[in-house]
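Thanks, everyone; I would like to walk through one model this morning, starting with a convention and then moving from helices to ligand, domains and sheet. Please keep the structure open while I talk.

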Amino acid sequence: MTDHEVDVLAIGAGPANLALAVALEESGARRLAENTVLLEQHPDVKWQRNLLLPWARSQVSFLKDLVTLRNPRSRFSFLNFLYEGGRLNEFVNLSTFNPYRWELSEYQQWVAHSLEQVRVRHDARCERVEPRRTTDGRLVGWTVTLSNGDTVDCRDLVIGTGRDPHVPAVFRDLPADRVIHSTQYCTRIAQQPTDRPIRPVVVGGAQSAAEMFMAVHSDLPQSTPTMVMRSIGLQNYQTSKFVNELFFPSFVDEFYNSDVEVRGRILDEVHLTNYAGLAPPFLDELYSMLYQQRMLGKERSTIRSMTEVAAARMDGDEVVLELRDLKSGKVEPLRCDVVLLGTGYEQQMPALVQDLADRLGIADIEVSRRYRLDLGESAWGAVYLQGVNEATHGISDTLISVLAHRSQDIVDDILDRRHVAAGAFPESRTA
Ligand SMILES: Cc1cc2nc3c(=O)[nH]c(=O)nc-3n(C[C@H](O)[C@H](O)[C@H](O)COP(=O)(O)OP(=O)(O)OC[C@H]3O[C@@H](n4cnc5c(N)ncnc54)[C@H](O)[C@@H]3O)c2cc1C
């Protein structure tokens, strides 16, 4: 068992904490950056590793990378990644603002490798966070326990682990090998037999569900996939340029300063910009695939809209889904082999954050405008939460759009706290 101590510990090396690492390196606070570590549970950096489908594209402009909107001159930009890899001309020739997902994933891996001060520690899964206190009860920092038993002490913690997958209750009693959430798709679908007919059912009507539905046609060539959704049919994301202004980093202030009721109304209105929809070009591709099947008399897929899964059970070797038709109310069984869940993410805080809040006795987990949990004036250590503050910081909070600015907000807060505690950490951001 090894013990380590750092100043800032960021859990997760996804885009949120990579953007933070970049902002720290660019802040000029070198000693702080060199005393910062990102923990990543995997051996490498990959973006949405289990939906890295060869044709899947980013839904936001490459200009909304980890840094450009904050510092267009940064060496960590997506354009510099292309330039250094000798592929700038080819990318420009694609004439697109929406790179392939795998290309953005490679960009994030490149950013992680290009860091010179902040370190990324791989194969380091955080299991637990515990507060560290002085004998008189003052909160001075955190002890993070990793799955291999190592512990790391830090003063400040930044949690950027993404959200927890949502598995609806109705599927929880099925054997684990029959249920694949979208966060496991690529790994688990590769373990399915390809040499015999198989009947997958995809549940959900949004982007992840639709991507699995499309992919399973080629991943399991002998399959006859069905897609089941409550909504009236697959629909496009709302892509109005007017509404898109709500994804500007500047809108975070306006949203944060609004009443709770107003925030709720705004989130309801913009729901379809980020949830329950598909990127328009992808929706067209999916429709074309089904059209070709129908017109060429090679139908192998079914879409069942206005349908919900009322119950799920095993019958021998088959999964039986009881499907309720929401138009007629009729329930009828659908027999299948495996269920693919495009059911999204939990709305509440991730279990890791929830567990920490319980230890701290915090009932309502809410962060400040600069993403810091309120732990009282006397606390020396701080916790920042990334990507889980949609209710207070707006619809863009889970997206890449705001990362460049959000990481600056967090870095400013971290540095300001050190300047306030004069002499305790004599670091100047221009040092
Ligand atoms: C399929 C899909 C496509 C998307 N496409 C877009 C898009 O095109 N544009 C956009 O703006 N947003 C998109 N999003 C939204 C997405 O949330 C953000 O793009 C982004 O991934 C959020 O970054 P993050 O760093 O907060 O979380 P994540 O990307 O989830 O990264 C979290 C990291 O933390 C690691 N981790 C988790 N738990 C632990 C632990 N206990 N210990 C150590 N490490 C841990 C994970 O392995 C991962 O590397 C997409 C989401 C999905 C699901």
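Let me begin with handedness: a crossing of two helices is called left-handed if the near helix is turned anticlockwise from the far one by less than a right angle, and right-handed if it is turned clockwise. What we have here is a predicted model, in which local features need pLDDT of at least 70 and side-chain atom pairs count only at pLDDT 80 or more, while totals for chains, interfaces and linings use all residues. Residues are numbered from 1 along each chain as its sequence is written.

With that convention, the crossing of α1 and α5 is left-handed. Helices (H or I, at least four residues) and strands (E, at least two) are DSSP runs, numbered from the N terminus. The axes of α1, residues 15-27, and α5, residues 101-114, come within 10 Å and cross at roughly 35 degrees, where axes are lines fitted to C-alpha atoms, for helices over the stretch in contact, and angles run from 0 to 180 degrees between N-to-C directions. Pro15, Leu18 and Val22 in α1 meet Gln108, Val111 and Ala112 in α5, contact being defined by C-beta atoms, placed from the backbone, that lie within 7 Å. The residues of this contact divide into 5 nonpolar, 1 polar and no charged, with Ala, Val, Leu, Ile, Met, Phe, Trp, Tyr, Cys and Pro counted as nonpolar, Asp, Glu, Lys and Arg as charged, and the others, Gly among them, as polar.

Which helix gives the most to the shell around the ligand? That is again α1, with 3 residues. Of the 30 residues around the ligand, Gly12, Gly14, Ala16, Gly162 and Gly387 come nearest, a residue being near if its C-beta atom, placed from the backbone, lies within 6 Å. By class, the shell has 12 nonpolar, 16 polar and 2 charged residues.

Turning to the domains, an automatic or database assignment divides the chain into domain 1 (3-164 + 346-420) and domain 2 (169-237 + 277-341). Their centres, taken over C-alpha atoms, are separated by 33 Å, and 6 residues of domain 1 are in contact with 10 residues of domain 2.

Finally, 3 strands form an open antiparallel sheet in the order β11-β12-β13, where pairing requires that DSSP finds at least two bridges. β11 (307-315) and β13 (331-336) stand at the edges with a single partner strand each, so one side of each is left without a neighbour in the sheet. Strand β12 (residues 318-325) pairs with β13 over 6 bridges, and leucine 321 has leucine 334 in β13 as its bridge partner.

Notes
Two residues are in contact if their C-beta atoms, placed from the backbone, lie within 7 Å.
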